[in-house]
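Try each task before reading its solution.

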Amino acid sequence: MQMFLDGTGHDSLSGSSIPVYNPATGEVIDTVPAGNADDVAAAVTAAEIAQKKWEQVSPADKSRILIAAGALIRSEADALATLLTTEQGKPFREAKDEILGTAHVFEFYASMTGTLQGDAAVLPKYGYMNVVRKPLGVCGAIVPWNMPAIIFGWKAGAALACGNAVIAKPSETAPLTVLRLAELLVKAGVPGGAMNVVTGSGTVAGDAIVRSTGIRHVSFTGSVATGRSVALAAAPTLKKLTLELGGNDAFIVTADADIDAAVAGAVRNRFYNCGQVCTSAKRILVDAVCADEFVRKAKDAIEKLVVGSGLEKVNMGPLNNPGQRDAVAAAVDRIVSEDCGKIICGGKKKEGAGNFYAPTLLADVSPDAVSEEIFGPVMPVIPFTTLDEAVEIANGTPYGLGASVWTKNLKTAYTVADQIRSGVVWVNRHLILPPEIPFGGTGNSGYGRENGREFIYEYTEPKSILLGL
Ligand code: TXE
């Protein structure tokens, strides 16, 4: 049994549905079933049966299936990207990059199915020790709306490569692309029931996944507040958790940096996906000696950004939902009214339909004013005078997801990279996250890692076997 709660035949046992909106127009584009605890329970029953079969599939066959999934995703890339833009808002070009990146994720995991080895040793007097890595069983994947395709890929690809079954719960505001990707995985050969999607709200469907005793691991990407409640709700079941809870990345531009490259990098990264990326460059720290030049050049670049529906030729689309836009507008208004920074350009909502907010540049921002992440198209520039001060500001939030340093000096690069408290540090770039790199944070950014080789530890558990001599 398979639960594709996509409103086209497999309806939720709850009988009700939720609308999905186009963020550029505010129009309803589809509905999805409002899954409930009964739906999750049915999906768990199906997944437990299917997982036992999937676990027995050879690494080579698992690999062939995941490669086929990647190929199907590539063959439908334009249609998937259009769907993603229509429900999420991002420009088609970015949506297509995300879809092709998702295909790459499944291809990466296809290459890893044969690498899940454990350990072995001869222990004199005791025997032969073997440590094998076993799948966990059924895994939950709670997916946000900002990068729904690729984040689904990280979770489902890793879980399936390790022989687990998956129950995904996409966000209420961007569930459609995830549903289609899951269908393609099944079409590629993942057994029915090993890949499930239960749509619905976080507090009902998501919560049921977190509390389910049949689900042994949940990978959650979302806000700090929801991450905390997920950890609390999961505690009675003692399931494993991987939590990725956003970040407030510092982007440090030193006096010896290539300023033009740094400006281009900052603008590209900060306004990518309308600023709604966990590892977006959210705080731009610039050496005071070049801060004015940086702001002037950034303003020129930002004013050239074309904003509009992601289905047109634009650089930036709308925010995903009205609540998100209101939160961004409130954060900018607060910074300005408290005299903690000044608007150089942008700083307002666009009137009319859609969740548009102008790409915004703020100068002379005080570090404390942006200690909470602004999940939208706002670039606060914070001047600093010494590298030690820059590192202190960078580390001065409870987050620890990503950061970058822009410099031509190798010693500066390594020193800052070493001192910054975060899961990832880039040098002269930001936000590049191929699945080969382990990804995750520290502090309020959560715990556990996705991708790289780290996924093996998240999605399997060791079993030690001692053979007497
Ligand atoms: O997140 P939520 P929201 C941050 C960003 C943003 C803020 C709020 O700052 O402004 O979070 O976004 C599901 N049990 N990030 O409200 O609530 C929910 O249905 C189980 C950063 O959208 O965390 C959705 O599928 N699941 C981030 C997912 O959790 C629950 C990406 C995320 O929703 C649940 C997105 C519950 N009790 C937002 N409540 C990143 N790390 O990149 C909700 N959900």
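**Exercise 1. Aromatic pairs**

Task: How many aromatic pairs does the structure hold, and what geometry does the pair of W145 and F375 have?

Solution. Start with the ground rules. This is a predicted model, in which local features need pLDDT of at least 70, side-chain atom pairs count only at pLDDT 80 or more, and totals for chains, interfaces and linings use all residues. Residues are numbered from 1 along each chain as its sequence is written, and side-chain values use heavy atoms, with hydrogens and water left out.

Now count. Rings of Phe, Tyr and Trp (its six-membered ring) pair if their centres lie within 6.5 Å; planes under 30 degrees apart are stacked, over 60 edge-to-face, the rest tilted. The structure holds six such pairs. W145 sits in the loop between β5 (138-142) and α5 (148-161), and F375 in the loop between β13 (360-363) and β14 (378-384). The pair links distant parts of the chain, 230 residues apart. Helices (H or I, at least four residues) and strands (E, at least two) are DSSP runs, numbered from the N terminus.

**Exercise 2. The ligand shell**

Solution. Take the shell first, with a heavy atom within 4 Å as the test. It has 26 residues, the closest being W145, K169, E172, S223 and E373. By type, 11 are nonpolar, 10 polar and five charged. Here Ala, Val, Leu, Ile, Met, Phe, Trp, Tyr, Cys and Pro are nonpolar, Asp, Glu, Lys and Arg charged, and the others, Gly among them, polar.

Then list polar contacts (N or O atoms within 3.5 Å):
- G222: a polar backbone atom, 3.2 Å from a ligand nitrogen.
- T226: a polar side-chain atom, 3.0 Å from a ligand oxygen.
- G246: a backbone N or O atom, 3.0 Å from a ligand nitrogen.

Check the cover. Finally, the elements. α7 (202-211), β8 (215-221) and α8 (224-234) each give two or more residues to the shell. α7 gives the most, with four.

**Exercise 3. The lining of the largest cavity**

Task: Which residues lie nearest the centre of the largest cavity?

Solution. On a 1 Å grid over the protein atoms alone, a cavity is a set of points where a 1.4 Å probe fits but cannot get out; lining residues have an atom within 4 Å of a point. The lining has 16 residues, with N248, R283, A394, Y399 and G402 nearest the centre. Sort them: six nonpolar, seven polar and three charged.

Conventions:
A polar contact is a pair of N or O atoms within 3.5 Å; within protein, one must be able to donate a hydrogen and the other to accept it, and residues adjacent in sequence count only if both atoms are side-chain atoms. On a 1 Å grid over the protein atoms alone, a cavity is a set of points where a 1.4 Å probe fits but cannot get out, and a pocket is an open set with protein on both sides within 12 Å along at least five of seven lines; lining residues have an atom within 4 Å of a point.
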